[in-house]
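Here is a friendly walk through one model, from its sheet to its cores. Have the viewer open as you read.

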Amino acid sequence: MTQFRERNQRLTNTVGHVELLEVTNPGFTGPMHICNDVQDFTSKGITYIALPFGFTLPDDVSGQSPRMQLVMDNVGRDISTELERRLPGSTTMARLIIAARDTPDVHEHVFWMPITGVVITGTTASATASVQDLMDQAACKQIANPFTLPGIF
């Protein structure tokens, strides 16, 4: 990691880095493996499909959890079909991986983000990355009342 940091802080970095994104949901046919590049990239035996994506950084608003926007290209892709398979009530997780191009199997930085609020247009697919929805969930998935558990009343 020290070598990765040193190279990225230089004025000339001859190697560079690549951003990889893995999006999972129980309703998907499998994890989506996306590379923020113009050509496919292989890391740890997994091929990440070239698909430009970017993040809009969150605003610093007091009393509110930070929300980041993930935006990716949707032209000529089958992303919308996969995103429509999300199961109701399930959590879609994104794992952002930063790796050096010369050592693709070494994941220098890994960030986990829950994805909510997916919006798909003809040209882009965007989603909100925030822990707010997870924090707002009830601690108990099933609350005891006369209708859900009538035997205890």
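## Terms and ground rules

Strands (E, at least two residues) and helices (H or I, at least four) are DSSP runs, numbered from the N terminus. Two strands count as paired if DSSP finds at least two bridges between them.

This is a predicted model, in which local features need pLDDT of at least 70 and side-chain atom pairs count only at pLDDT 80 or more, while totals for chains, interfaces and linings use all residues. Residues are numbered from 1 along each chain as its sequence is written, and side-chain values use heavy atoms, with hydrogens and water left out.

## The sheet

Nine strands make up an open sheet with mixed pairing, in the order E3-E4-E2-E1-E7-E8-E9-E6-E5. At its edges lie strand E3 (41-43) and strand E5 (53-56), each pairing on one side only.

Take a look at strand E8 (residues 107-120) and strand E9 (residues 124-129): they pair in the antiparallel sense over four bridges. Thr-116 stands opposite Thr-128 in E9.

## The cores

A nonpolar core is a set of buried Ala, Val, Leu, Ile, Met, Phe, Trp, Tyr and Cys residues joined through side-chain atoms within 4.5 Å; buried means under 20% relative accessible area (1.4 Å probe, protein chains only). The largest such core has 22 residues, of which Leu-21, Ile-34, Phe-53 and Met-72 touch the most other members. Its largest share, four residues, comes from E7.

A second, separate core has seven residues, among them Val-18, Phe-41, Ile-97 and Ala-99.

Conventions:
Buried means under 20% relative accessible area, exposed over 50%, partly exposed in between (1.4 Å probe, protein chains only).
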